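Here is a short briefing to read alongside the sequence and the 3D view.

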Amino acid sequence: MAAAAVVVPVAYRNASAAVPDWLNKGDNAWQMVSAALVGMQAMPGLVILYAGLVKKKWALNSAFMALYAFAAVMPCWVLWAYKMSFGNRLIPFLGKPGLAVSQDYLIPQAFLPSTHYVDGALETAAIQPWYPMATMVFFQFAFAAVTVILLAGSVLARMSIRAWMVFVPLWITFSYSVGAFSVWGGGFLFQWGVMDYSGGYVVHLASGAAGFTAAYWVGPRLKEDREEFPPNNLLLALAGAGILWMGWTGFNGGDPFAANVDSSLAVLNTHICAATSLLVWTCWDVLFFKKPSVIGAINGMITGLVCITPGAASGTVPWYTMMVLSRKLPLLQQVDDTLGVLHTHAVAGILGGALTGLFAHPDLSSMFLAVPNSNGAFYGRKGGVQFLKQLAGAAFIIGWNVVVTSIILVVIRVVIPLRMSEEELKIGDDAAHGEEAYSLAGQGQREKFSHNGRIQLAESQIP
């Protein structure tokens, strides 16, 4: 009896070179959507979140810092930084820099040389998703862009925009790429089995540690801004927070590199954790301050999203470090971390990473981790070792970002002041950009600070 012919759906029949045999249209579509969702977290998500959370005179400058960073990362990424983060190994913590823009590189099937070796023998093959390299390059770009924009939250309302313009490409090159390659791209932490599902270390811990370090070197806001810094538009901030939340669907859902069971589970767990953390943070606010806070709810949402990213969940510890500990420890009082990125990202990221070392289920870990037999301490089989690996991985990310961020800023300040002048700090957006965010009824009159410090009306306002 003759075997039945295999009928291939029309959509998967090769009609041109644009539909090669290895292309899975479903995976490719999901990965591009995920990349777009992560990109939207930054632009417009963080752009309008920052614009709404800061004092009115800093709305435009804060939004522009995020906008500029999003654009500036792209040329760095495709010209050298992608291969430094995900290319062939140069040294144990960095890939070989190189172009990722040629058609010969972008059209073939995606390939991540994240291989695992045991005693010199290949144990786990490189990852080859069922879509072109162009999709992977764009997906990973969105993560890099989000990371440096999160860092910006620590230095809003005083960092010189010219210094920021120089800082962004240097930081992506010498700091982000090292963390990405070490943990994700086949570097020594990856080979060792450190777990970071979707950026708890590479994105959040790195941005929090680097942001706090940058805040130290740039210096504080004006005294009056530190003492009184009311958000100028909480509704706008809520819109940005909403985009950030929904964008996390792609942030975690896209990291299995396929539309599979792992991605579905990741998406659901992401939203469960975000909602739970928001509610817990709000309950603590009501318990201690007698009122629910919109800003607190946003922070709770963010810490939940951050903490779930490496595979675990919590909201209480970041609340405590931000609302209680930051008012007691001299270092946290001295360093002016404008939006508390240390707490919402670094603390939540390291907490999630450490808890992964305790709660990582071996069956779920095998779905995404190339290193076999990895599991949390609560599941036996030397699981306690994984917890220590997670702590060691966090220590490396923190140490590298503190040192490299410090070096970059010390070098920049030789030629460009890191902090705006006192006069510019008093004026805000108009001094930095010659523009202002709002010109509402009764607020259209622009004030100018003369060199002698006296307030003068703009020429158009003088009768």
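Leaving aside neighbours within four places in sequence, His345 is in contact with Leu150, His204, Leu205, Ser207, Ile302 and Val306. Please keep in mind that this is a predicted model.

**Around His345**

- His345 sits in helix α14.
- Is His345 buried or exposed? His345 counts as buried because its relative accessible area is 4%, and the cut-off for buried is under 20%.
- One of its contacts, Ser207, is 138 residues away in sequence, yet the two C-alpha atoms are 7.2 Å apart in space.

**The largest nonpolar core**

- This core has 109 residues, and Trp164 and Tyr176 are the members that touch the most others.
- If you select Tyr176 in your viewer, and skip residues up to four places away in sequence, you will find it touching Trp77, Ser85, Gln140, Phe143, Ala144, Thr147, Trp171, Trp184 and Val202.

**A second core and helix α12**

- There is also a separate core of 5 residues, with Trp281, Trp319, Met322 and Met323 among them.
- Helix α12 covers residues 316–323, and its buried residues are Pro318, Trp319, Thr321, Met322 and Met323.
- What covers these buried residues of α12? The cover includes α10 (261–289), α11 (294–308) and α14 (341–359); α14 is also the helix that holds His345.

- Ile398, Val402, Val403, Ile407 and Val411 make a nonpolar surface patch of about 380 Å².
- Ile398 belongs to helix α16, which runs over residues 383–415.
- Ile398 is classed as partly exposed because its relative accessible area is 30%, which falls between the 20% and 50% cut-offs.
- As background, residues three or four places apart in an α-helix point the same way, because the helix has 3.6 residues a turn.

**The protein as a whole**

- The secondary structure consists of 18 helices and 6 strands.
- Of the 463 residues in the protein, 53% are buried.
- Among contacts with a separation of 6 or more, 74% are between residues 24 or more positions apart.
- The accessible surface comes to about 20300 Å², and carbon and sulfur atoms account for 66% of it.

Conventions:
Residues are numbered from 1 along each chain as its sequence is written. This is a predicted model: local features need pLDDT of at least 70, side-chain atom pairs count only at pLDDT 80 or more; totals for chains, interfaces and linings use all residues. Side-chain values use heavy atoms; hydrogens and water are left out. A nonpolar core is a set of buried Ala, Val, Leu, Ile, Met, Phe, Trp, Tyr and Cys residues joined through side-chain atoms within 4.5 Å. Buried means under 20% relative accessible area, exposed over 50%, partly exposed in between (1.4 Å probe, protein chains only). Contact means heavy atoms within 4.5 Å. Helices (H or I, at least four residues) and strands (E, at least two) are DSSP runs, numbered from the N terminus. Patches are made of residues with over 30% relative accessible area and no salt bridge: like charges are joined within 9 Å, nonpolar side chains (Val, Leu, Ile, Met, Phe, Trp, Tyr) within 5 Å. Accessible areas come from the Shrake-Rupley method with a 1.4 Å probe; for residues, only the protein chains shown count as cover. A salt bridge is a side-chain nitrogen of Lys or Arg within 4 Å of a carboxyl oxygen of Asp or Glu.
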